[in-house]
Amino acid sequence: MEKLNNILSDVVWWLVGIVMAIAGFVSKRLFGNIDHAHRRIDALEARTDELATKNDLHTAITSAVQPVQETQQLILSNLLSHRVTEKDED
């Protein structure tokens, strides 16, 4: 019985360690992205010698998202066209 308790204890400690490692990785990524955003805003403010406005940030986000949406539309259209050809083969 004691051997089983030792094994269960080891498993619990391994699981706690894995959860902590995942939490550390996620928090590092989250704060890294926030730090990167602050550096980009600081660079924008340095170029314009003004504070970045909400409109400036919205324009930057929109220009970054548009290529992703176009790629997503291309992938979706290819998948749908492939689906139609698969139905024709059946």
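# Exposure and shape of a predicted model

User: Why is Val 26 called partly exposed?
Analyst: In this predicted model, Val 26 has a relative accessible area of 49%. Buried would require under 20% and exposed over 50%. The value for Val 26 falls in between, so the residue is classed as partly exposed. Val 26 is part of helix α1, which covers residues 2–48.

User: What makes Lys 28 exposed?
Analyst: Lys 28 also belongs to helix α1. Its relative accessible area is 65%.

User: How do you know whether Val 68 is buried or exposed?
Analyst: The relative accessible area of Val 68 is 54%. That is over 50%, and therefore Val 68 counts as exposed. Val 68 sits in helix α2, residues 54–89.

User: What makes Ile 7, Val 11, Trp 14, Leu 15, Ile 18, Ile 22, Phe 25 and Val 26 a patch?
Analyst: Membership requires over 30% relative accessible area, no salt bridge, and nonpolar side chains joined within 5 Å. Val 26, at 49%, passes the area cut-off. The residues listed form a nonpolar surface patch, with about 840 Å² of accessible area together.

User: How does the radius of gyration of the chain stand against that of a compact globule?
Analyst: For 90 residues, a compact globule would have a radius of gyration near 12 Å, whereas the chain has 25 Å. Along the principal axes, its C-alpha atoms fill a box of roughly 65 × 60 × 15 Å.

User: How far apart are the C-alpha atoms of Lys 28 and Glu 45, and those of Val 68 and Leu 4?
Analyst: Lys 28 and Glu 45 are 17 residues apart along the chain, and their C-alpha atoms are separated by 26 Å. For Val 68 and Leu 4, 64 residues apart in sequence, the C-alpha to C-alpha distance is 52 Å.

User: How many helices and strands are in the chain, and what share of its residues is buried?
Analyst: The chain has 2 helices and 0 strands. Of its 90 residues, 1% count as buried, the cut-off being under 20% relative accessible area. The accessible surface comes to about 8500 Å², and 64% of this belongs to carbon and sulfur atoms.

User: Where do the charges lie on average?
Analyst: The chain has 9 positive and 13 negative charges, and their mean positions are 4 Å apart.

Notes: Residues numbered from 1 in each chain as written. Predicted model: local features only at pLDDT ≥ 70, side-chain atom pairs only at ≥ 80, totals over all residues. Heavy atoms only, no water. Helix = DSSP H or I, 4+ residues; strand = E, 2+ residues; numbered from the N terminus. Rg over C-alpha atoms; globule rule 2.2 N^0.38 Å. Buried < 20%, exposed > 50% of the residue type's maximum accessible area, 1.4 Å probe, protein only. Areas by Shrake-Rupley, 256 points an atom, 1.4 Å probe, with all protein chains shown as cover. Lys, Arg positive; Asp, Glu negative; His and termini not counted. Charge placed at Lys NZ, Arg CZ, Asp CG, Glu CD. Patch = residues over 30% accessible without salt bridge, like charges linked within 9 Å, V, L, I, M, F, W, Y side chains within 5 Å. Salt bridge = Lys/Arg side-chain N within 4 Å of Asp/Glu carboxyl O.
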